[in-house]
Amino acid sequence: MIGVRSEPARSPLERLERQVAWGVRNLPAARVSGGVVEVSMSHFRVAGLSRFLKLGECVAVAVGNRVEIGEVVRIEDASATLKPFDARSDATIGARAYRTDNLSLTPDRSWKGRVVDALARPIDGLGDLACGERLAPLDAAPPPPLKRGRVHAPLRTGVRVIDLFTPLCLGQRVGVFAGSGVGKSSLLAMLAQATPVDTVVVALVGERGREVREFLHDRLGEDRASPLVAVVSTGDESPMMRRLAPKTAMAIAEYFRDQGESVLLIVDSVTRFAHAARDVALAAGEPAVARGYAPSVFTDLPRLLERAGPGLEGSGSITGVFSVLVDGDDHNDPVADAIRGALDGHIVLDRAIADEGRYPAVNVLASVSRMTHLSWRPEQRKVVANLRSLIARFEETRELRLMGGHTAGADPTLDKAIKSVPRIYEAMNQAVEAPRCEDPFIDLAAALRGDAKTPES
């Protein structure tokens, strides 16, 4: 008889321990889940996950045969409040919810010429995007203040009124403040088309769907494909998507900046970003403190704006142009006031100037660039100061002249202003399709001389 190797005798407790150990090794990985306990038009709440979540993390909710993603905006002991990225949530009471990976980007140079949504999904019908090798966080911190490069190089935009009165520099952050219908989008298109930079990143936040194609094709032209990346979130999308779009655009701009490129970032508009942030904050239970805006809105704004500007020494820079839609033409609106103090200059568009048919409708006296000392030579600074003085005198005596209260020869300075300022205004007039201006001082000098060869607007 062939001998058989018998198992050593084991106690019942030892046999149970072996069975449990074998079972644990073969169990699938455990997955913590929760359930939806409240659904509203603006948010939904999930119970059972609170102790495993942090603010800003993402949660996936199973809805039928698909998954909805929401961001954690409030955590309580019994539940967490989620704000969905979809404009309309189909979540139901009892739907299972799981932690999921946070949103991130992997930009690549091949993204130039593409149009994506706030989640960096292509919407231009040109196929999938290539994935880069480096992760670009959507909420990256700005470079340390003492390690950032310095703003020093002038930037010619090709727009006469800006290059003359509010000149920009590479790495500067400037705001374009305007009410609706004053020509803000046209000015941004001129900057995107004419500015000599390596890459242009445009974020269209809360725009009308019709205007997106007009801005990208009609105003920027079909040859925009080489240097431009567009991030689009239209007005019908959820507040979460509109809040995310500028962050996505900023992350893409930071990628190209770190590649040593000079990047122009245009965000149209920061006001709609603030509106979306307000919606999210109110859903999280924050109180409204300033015309309906919650306190966190005024924290989110500088966190976004500070990411633009020069990168680390030796890298590229992000020149930020942020449009501000002034509600009711009130330039003391809380959002406009907060943004104005955080930027390196502001360009104000005036409805009265637009009504006169002068475009871009820049109010020269109300517009300021804090980098003019880097753009003007001493003699140019003196010329611009004299021009501003003449314009101020011309505007402050408008009503007096309309009433016939001015007599020629009584005030030589006013006589000079009456003669020169209309020619200055005419020289600053520039259509969207006009050729790029190379030297605004030469064009202005020709206009003041009454030269017939003055470049056409």
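Student: What volume does the largest cavity have?
Tutor: In this predicted model, the largest cavity has a volume of about 50 Å³.

Student: And how many cavities of 30 Å³ or more does the structure hold?
Tutor: The structure holds one cavity of that kind.

Student: Which residues line the largest cavity?
Tutor: Its lining consists of Pro154, Leu155, Arg156, Asp163, Pro167, Leu168, Ser375 and Trp376.

Student: Turning to pockets, how much space lies in the largest pocket?
Tutor: The largest pocket holds about 760 Å³ of space. It is lined by 33 residues, and those closest to its centre are Gly56, Glu71, Asp139, Arg243 and Lys247.

Student: Which elements give two or more residues to that lining?
Tutor: They are strand E4 (66–75), helix H5 (239–258), helix H6 (270–283) and helix H7 (297–305).

Student: Now helix H13, please. What span should its 17 residues have?
Tutor: Helix H13 covers residues 412–428, and at 1.5 Å a residue it should span 24 Å. The C-alpha atoms at its ends are 24 Å apart, which agrees.

Student: Where does the kink in H13 lie?
Tutor: A kink of about 30 degrees is found at Ser420, shortly before the proline Pro422.

Student: Is Ser420 buried or exposed?
Tutor: Ser420 is buried, as are Leu414, Ala417, Val421, Ile424, Tyr425, Ala427 and Met428 in H13.

Student: What do the buried residues of H13 pack against?
Tutor: They pack against helix H2 (160–165), helix H11 (378–396) and helix H14 (440–449).

Student: Which contact does Asp411 make at the start of H13?
Tutor: A side-chain oxygen of Asp411 comes to within 3.2 Å of the backbone nitrogen of Thr413.

Conventions
Residues numbered from 1 in each chain as written. Predicted model: local features only at pLDDT ≥ 70, side-chain atom pairs only at ≥ 80, totals over all residues. Heavy atoms only, no water. Helix = DSSP H or I, 4+ residues; strand = E, 2+ residues; numbered from the N terminus. Expected span 1.5 Å × (residues − 1). Bend = angle between axes of the 7 residues up to and from the residue. Buried < 20%, exposed > 50% of the residue type's maximum accessible area, 1.4 Å probe, protein only. Contact = heavy atoms within 4.5 Å. Polar contact = N/O pair within 3.5 Å; in protein donor to acceptor, adjacent residues only side chain to side chain. 1 Å grid on protein atoms, 1.4 Å probe; cavity = no way out; pocket = protein on both sides within 12 Å on 5 of 7 lines; lining within 4 Å. Points joined across faces, edges and corners; volume = space filled by probe spheres on them.
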